Amino acid sequence: MAAHLDGPDLLALHGRALDHFGALVRAVPADGWQGPTPCTDWTVRQLVGHLTAEQLWVPDLLAGATVAEIGDRHDGDVLGDDPLAAWTAAAGAARAAFAEPGALERTVQLSYGARRAAGYAREMTVDAIVHGWDLARGIGADDRIDPAAAEFALAELAPQAGSLAASGLFADPVPVPAGADAATRLLGLVGRDPARPLG
């Protein structure tokens, strides 16, 4: 089942999700950084900054640091004057950290407790897939989600369907038509409505 991807297959999907997000970062027009996104609290720049900061945590956590030890190291504006360079460096370091021999077998200390690093990698992959759609919408790019990526993310999140909105990380689910494809069901599950205007 897709939710149980591990080892090379998980690393490959994670890498594709990062590559896709990076391609969208490269496509942000010069005047597009302050535009709205489906994440109603975030501009395009804030969305890219969020995902960049998430990548910065990966090497630290895989090296055994706790959330408390990392503290505010990756807070604030992590994009600086060159958002693409900042994203590229952070994503490259995260990818390399997960790809180290035995890295997925380690235990990482996350905000909610200890988890096997492979589970953390799956979380990060889902995050990149969903926010890739957000960024594509924010810059008016092709927002289609790769079917394999959509199936994976849906399988990961579906068991938590009842608690996603309550976590405060997602909007309320959006109803989708019966027989909808995996991408549509994924977007509905995480409170994304393609018909909703931005801003």
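Select helix α5 (residues 117-139) and helix α6 (residues 147-157): their axes lie 10 Å apart and the helices pack at an angle of about 120 degrees. Helices here are DSSP runs of H or I with at least four residues, strands are runs of E with at least two, and both are numbered from the N terminus. Axes are lines fitted to C-alpha atoms, for helices over the stretch in contact, and angles run from 0 to 180 degrees between N-to-C directions. The pair α5 and α6 is therefore oblique (under 35 degrees counts as roughly parallel, over 145 as roughly antiparallel, 65 to 115 as roughly perpendicular, the rest as oblique). The crossing of α5 and α6 is left-handed, the near helix being turned anticlockwise from the far one by less than a right angle; clockwise would be right-handed.

This is a predicted model, in which local features need pLDDT of at least 70, side-chain atom pairs count only at pLDDT 80 or more, and totals for chains, interfaces and linings use all residues. Residues are numbered from 1 along each chain as its sequence is written, and side-chain values use heavy atoms, with hydrogens and water left out.

Next, show the side chains between α5 and α6. On α5 the contact (heavy atoms within 4.5 Å) uses R122, T125, V126 and I129, and on α6 it uses A149, F152, A153, E156 and L157. Six of these residues are nonpolar, one is polar and two are charged (Ala, Val, Leu, Ile, Met, Phe, Trp, Tyr, Cys and Pro count as nonpolar, Asp, Glu, Lys and Arg as charged, the others, Gly among them, as polar).

Centre on T125, in helix α5. T125 is buried, at 0% relative accessible area (buried is under 20%, exposed over 50%, partly exposed in between, with a 1.4 Å probe and protein chains only). Beyond its neighbours within four places in sequence, T125 touches L10, L13, H14, A17 and F152.

The crossing of α2 and α5 is left-handed. Residues to display include L47, L51 and W57 in α2, and Y120, M124 and H131 in α5. The contact of α2 with α5 has 14 nonpolar, four polar and three charged residues.

Finally, select strand β1 (residues 107-110): V108 and L110 form its covered face, T107 and Q109 the uncovered one. Strand β2 (residues 113-116) runs antiparallel to β1, joined by four bridges (strands pair if DSSP finds at least two bridges between them). L110 stands opposite G113 of β2, and two residues separate the strands of this hairpin.
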